[in-house]
Amino acid sequence: MNSSRHSSAHAAPAFIVLTGFLGSGKTTLLRDFLDLPEAADTAIIVNEAGEIGLDGAVLADGGGDVRLSMLANGCVCCQGASDLAVAVEALLRVDRPEAQGPLRRIILETSGLSKPGPVLRSLGVLAEHRMPVSIVSTYDAARGRQLAAFPEALAQWAGAQALIVTKTDLLGPQARGQAGREAGAVNPLARVISGTQRGKALWDAIAAAGPRDAGFDPPETGSAEAGAHPRIGVFLVKMAGEPAYEALAAWLDNLAGLLGDRLLRLKGLVRTGESDVPLLVQSVGTLFSMPRPFRAAKLDRGSFIVVIARDTTLGDLRGVTPDLGMVVTTTAAGAFGGRKLGVGSRPGMAERVTAP
Ligand SMILES: Nc1nc2c(ncn2[C@@H]2O[C@H](COP(=O)(O)OP(=O)(O)OP(=O)(O)O)[C@@H](O)[C@H]2O)c(=O)[nH]1
């Protein structure tokens with residue numbers, strides 16, 4: 001057979017983590033995606049918490065020639081890092097028929113109970129391959145509010161760069177629109193993709209979650225679907241001045257220390273006193289990326305950081321925040337612990353955070 005090996009002459013394939021709660025439609029999305037001709041340059045790794053590789057069997061049934069690996073002996077975020085590395089190495093080494101071209105992407109379907117932060121941590125073993133990593137999560141339209149009771153589901157939604165609203169065929173147009181707005185409320189940093197053509201939805205989500213050069217804007221305050229997810233707080237931290245890098249790093253440390261696994265996602269653009277170029281600061285869970293200069297950012301509206309956290313109040317943030325000239329608002333008009341957070345339902349209303 002005429003075949004060619006994936007070589008360093010080709011760009012490294014993208015690595016896409018497809019996450020989402022148990023039964024939220026990940027395998028169904030993948031199965032439809034694999035029917036698209038565009039999926040020919042894709043390989044799949046399926047991670048299931050149980051020992052029986054059922055999802056893999058479903059995919060193998062419809063996946064044609066697509067390469068499929070199974071990681072069926074436990075959740076990848078708890079114990080599967082080395083297995084994952086072996087599976088990826090094997091996919092990168094495999095001979096591909098000339099007609100198929102190089103491998104362009106590997107999709108890891110996580111178990112429905114995996115949190116994205118630990119999954120990303122386990123991907124550290126792949127650093128040498130320099131694969132751009134992105135996270136796509138399902139948002140089950142039929143059970144959105146119910147699933148918000150599970151910390152795993154909240155972490156999956158908040159960690160994603162793109163959210164696919166699944167099972168929309170079960171809803172009328174109004175409920176469908178509301179599910180989309182709820183997904184946007186839970187993670188204003190993510191692109192929300194909706195549509196009954198599942199394969200295309202996953203394709204669009206992968207494109208939307210990929211690396212982008214353009215900057216991003218702070219979400220509007222008061223724009224969220226009121227009360228959709230009372231356990232989730234979306235906080236917008238704005239900085240009037242330019243904090244010293246050390247002070248910013250100390251604040252991020254303290255925030256991660258205080259919130260622990262309640263910290264679901266953090267992303268912002270900050271101009272520090274040391275540099276004219278804004279820094280992109282971000283974490284998934286408590287796993288922080290190295291802050292990096294982000295020249296494309298305009299920062300017309302000043303430095304800002306978005307914090308998505310569960311079971312957290314403004315008072316919690318106030319407790320760890322030194323006086324860096326920060327102003328904190330919430331974008332959600334949600335109530336946590338049965339009481340209003342007190343800001344956010346009225347745009348522009350803010351509370352200044354000072355040292356405790
Ligand atoms: N009506 C409808 N049902 C769906 C859709 N997507 C998935 N389902 C159903 O939901 C159930 C779970 O779907 P899966 O694709 O297996 O979900 P999953 O996220 O892979 O589940 P786990 O592997 O358990 O985490 C199955 O019965 C699917 O047929 C959809 O878009 N519409």
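Student: What kind of model is it, and how are residues numbered?
Tutor: It's a predicted model, where local features need pLDDT of at least 70, side-chain atom pairs count only at pLDDT 80 or more, and totals for chains, interfaces and linings use all residues. Residues are numbered from 1 along each chain as its sequence is written.

Student: How many helices and strands are in the chain?
Tutor: The chain has eleven helices and 19 strands. Helices (H or I, at least four residues) and strands (E, at least two) are DSSP runs, numbered from the N terminus.

Student: And how much of the chain counts as buried?
Tutor: 43% of the 356 residues. Buried means 20 or more other C-beta atoms within 10 Å of the residue's own, exposed means 12 or fewer, and partly exposed is in between, with C-beta atoms placed from the backbone.

Student: What share of the contacts comes from residues 24 or more positions apart?
Tutor: 78% of the contacts with a separation of 6 or more. A contact here is two C-beta atoms, placed from the backbone, within 7 Å.

Student: Switching to the ligand: which residues come nearest?
Tutor: Gly-25, Lys-26, Thr-27, Thr-28 and Gly-112, out of 15 residues around the ligand. To be near, a residue needs its C-beta atom, placed from the backbone, within 6 Å of the molecule or strand in question.

Student: Which helix gives the most to that shell?
Tutor: Helix 1 (residues 26-34), with three residues.

Student: How does the shell divide into nonpolar, polar and charged?
Tutor: Two nonpolar, eight polar and five charged. Ala, Val, Leu, Ile, Met, Phe, Trp, Tyr, Cys and Pro count as nonpolar, Asp, Glu, Lys and Arg as charged, and the others, Gly among them, as polar.

Student: Back to helix 1, which residues are buried?
Tutor: Lys-26, Thr-27, Leu-29, Leu-30, Phe-33 and Leu-34. They cover an arc of only 160° around the axis, so they sit on the same side of helix 1. The arc is that of the directions from the helix axis to the C-beta atoms.

Student: Why would residues three or four places apart point the same way?
Tutor: Because an α-helix has 3.6 residues a turn.

Student: What about helix 9, which residues are buried there?
Tutor: In helix 9, Arg-198, Ala-201, Leu-202, Ala-205, Ile-206 and Ala-209 are buried. Down the axis they fall within an arc of 135°, so they line one face of the helix. Among the elements covering them are helix 1, strand 2 (14-19) and strand 7 (133-140).

Student: Now helix 10, how far does it reach?
Tutor: Helix 10 (residues 245-259) has 15 residues and reaches 21 Å from first C-alpha to last, close to the 21 Å expected at 1.5 Å a residue. That expected span is 1.5 Å times one less than the number of residues.

Student: Which of its residues are buried?
Tutor: Leu-248, Leu-252, Leu-255 and Leu-259 are buried in helix 10. Their arc around the axis is only 65°, which puts them on the same side of helix 10. The face turned away from that side carries the exposed Glu-246, Asp-253 and Gly-257.

Student: What does the buried side pack against?
Tutor: Strand 11 (263-270), strand 12 (279-284), strand 13 (287-288), strand 15 (303-310) and helix 11 (314-320).

Student: Which domain does UniProt list for residues 245-311?
Tutor: The unreviewed UniProt entry gives "domain: CobW C-terminal" for them. UniProt positions are in the numbering used here, feature names are shortened, and annotations may be inferred rather than shown by experiment. In the model, that span is 22% helix and 39% strand, and its end C-alpha atoms lie 28 Å apart.

Student: Where is Lys-167, and is it buried or exposed?
Tutor: Lys-167 is in the loop between strand 8 and helix 8. Lys-167 counts as buried because 21 other C-beta atoms lie within 10 Å.

Student: And what about Asp-311?
Tutor: Asp-311 isn't a glycine either, and its phi is positive at about 50°. Asp-311 lies in the loop between strand 15 and helix 11, and it counts as partly exposed, with 15 C-beta neighbours inside 10 Å.
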